[in-house]
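Q: I would like to learn how to read a protein model step by step. Could you take me through it, giving the general idea each time and then the case at hand?

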Amino acid sequence: MATESQIQKVMSNLSEVQACANCGTRLRFGDLECPHCGGDLEDYLRQWAEELINHLESE
């Protein structure tokens with residue numbers, strides 16, 4: 001079961017403003033491609049998820 005600390009870390013991480021590496025357009029939660037240039041975000045999202053999981057596991 002998730003702890004309050006883990007939930008807060010996820011919520012905080014979701015609220016961080018991220019930008020497309022190709023054109024700098026701000027990304028929204030749920031975007032799978034850049035709404036401006038159409039760049040694929042899968043690699044970026046996988047890296048974000050891995051870092052978040054590692055952060056949560058380090059508790």
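Predicted model: local features only at pLDDT ≥ 70, side-chain atom pairs only at ≥ 80, totals over all residues.

The dialogue below goes from the overall layout to the helix pair and then to the cysteines.

Q: How many helices and strands does the chain have, and in what pattern do they follow one another?
A: The chain has two helices and two strands, and when you read along the sequence they come in the pattern α-β-β-α. The C-alpha trace spans about 40 × 20 × 15 Å along its principal axes.

Q: What share of the residues counts as buried?
A: Of the 59 residues of the chain, 15% count as buried.

Q: How do I describe the way in which two helices pack?
A: Two packed helices are described by the angle between their axes and the distance between the axes. Here the axes of helix H1, residues 4-15, and helix H2, residues 42-57, come within 10 Å and cross at roughly 155 degrees.

Q: Why are H1 and H2 called roughly antiparallel?
A: Angles over 145 degrees count as roughly antiparallel, and the crossing angle of H1 and H2 is roughly 155 degrees, so the two helices are roughly antiparallel to each other. The crossing of H1 and H2 is right-handed.

Q: Which residues of H1 and H2 meet?
A: On the side of H1 they are Gln6, Lys9, Val10, Asn13 and Leu14, and these meet Trp48, Leu52, His55 and Leu56 in H2. Sorted by class, the contact of H1 with H2 has five nonpolar, three polar and one charged residues.

Q: Is Asn13 buried or exposed?
A: Asn13, which lies in helix H1, is buried, with a relative accessible area of 17%. This follows because buried means under 20% relative accessible area. When residues up to four places away in sequence are not counted, Asn13 touches Trp48 and Leu52.

Q: What does Val10 touch?
A: Val10 also has its place in helix H1, and, leaving aside its neighbours within four places in sequence, Val10 is in contact with Leu52 and Leu56. Val10 is partly exposed, with a relative accessible area of 26%. The C-alpha atoms of Val10 and Cys23 are separated by 26 Å, although these residues are 13 residues apart along the chain.

Q: Where is Trp48 found, and what is it in contact with?
A: Trp48 is found in helix H2, and, leaving aside its neighbours within four places in sequence, Trp48 is in contact with Asn13 and Leu14. At 24% relative accessibility, Trp48 counts as partly exposed. The C-alpha atoms of Trp48 and Leu14, which are 34 residues apart along the chain, are separated by 10.0 Å.

Q: Let us turn to the cysteines. How many disulfides does the count come to?
A: A disulfide is a covalent bond between the sulfur atoms of two cysteines. To be counted, a pair of cysteine sulfur atoms must be within 2.5 Å, and by this rule the count comes to zero disulfides. Cys20 is in no disulfide, and the nearest cysteine sulfur, that of Cys37, is 3.8 Å away.

Q: Where is the place of Cys20, and what does it touch?
A: Cys20 has its place in the loop between strand E1 (18-19) and strand E2 (26-27). Not counting residues up to four places away in sequence, Cys20 touches Thr25, Leu27, Cys34 and Cys37.

Q: Which residues is Thr25 in contact with?
A: Thr25, whose place is in the loop between E1 and E2, is in contact with Gln18, Ala19, Cys20, Cys34, Pro35 and His36, leaving aside its neighbours within four places in sequence. Thr25 is partly exposed, with a relative accessible area of 21%. The C-alpha atoms of Thr25 and Pro35, 10 residues apart along the chain, are separated by 7.8 Å.

Key: Residues numbered from 1 in each chain as written. Heavy atoms only, no water. Axes fitted to C-alpha atoms, helices over the stretch in contact; angles between N-to-C directions. Helix = DSSP H or I, 4+ residues; strand = E, 2+ residues; numbered from the N terminus. Parallel < 35°, antiparallel > 145°, perpendicular 65-115°, else oblique. Left-handed = near helix turned anticlockwise from the far one by under 90°. Contact = heavy atoms within 4.5 Å. Nonpolar A, V, L, I, M, F, W, Y, C, P; charged D, E, K, R; others polar. Buried < 20%, exposed > 50% of the residue type's maximum accessible area, 1.4 Å probe, protein only.
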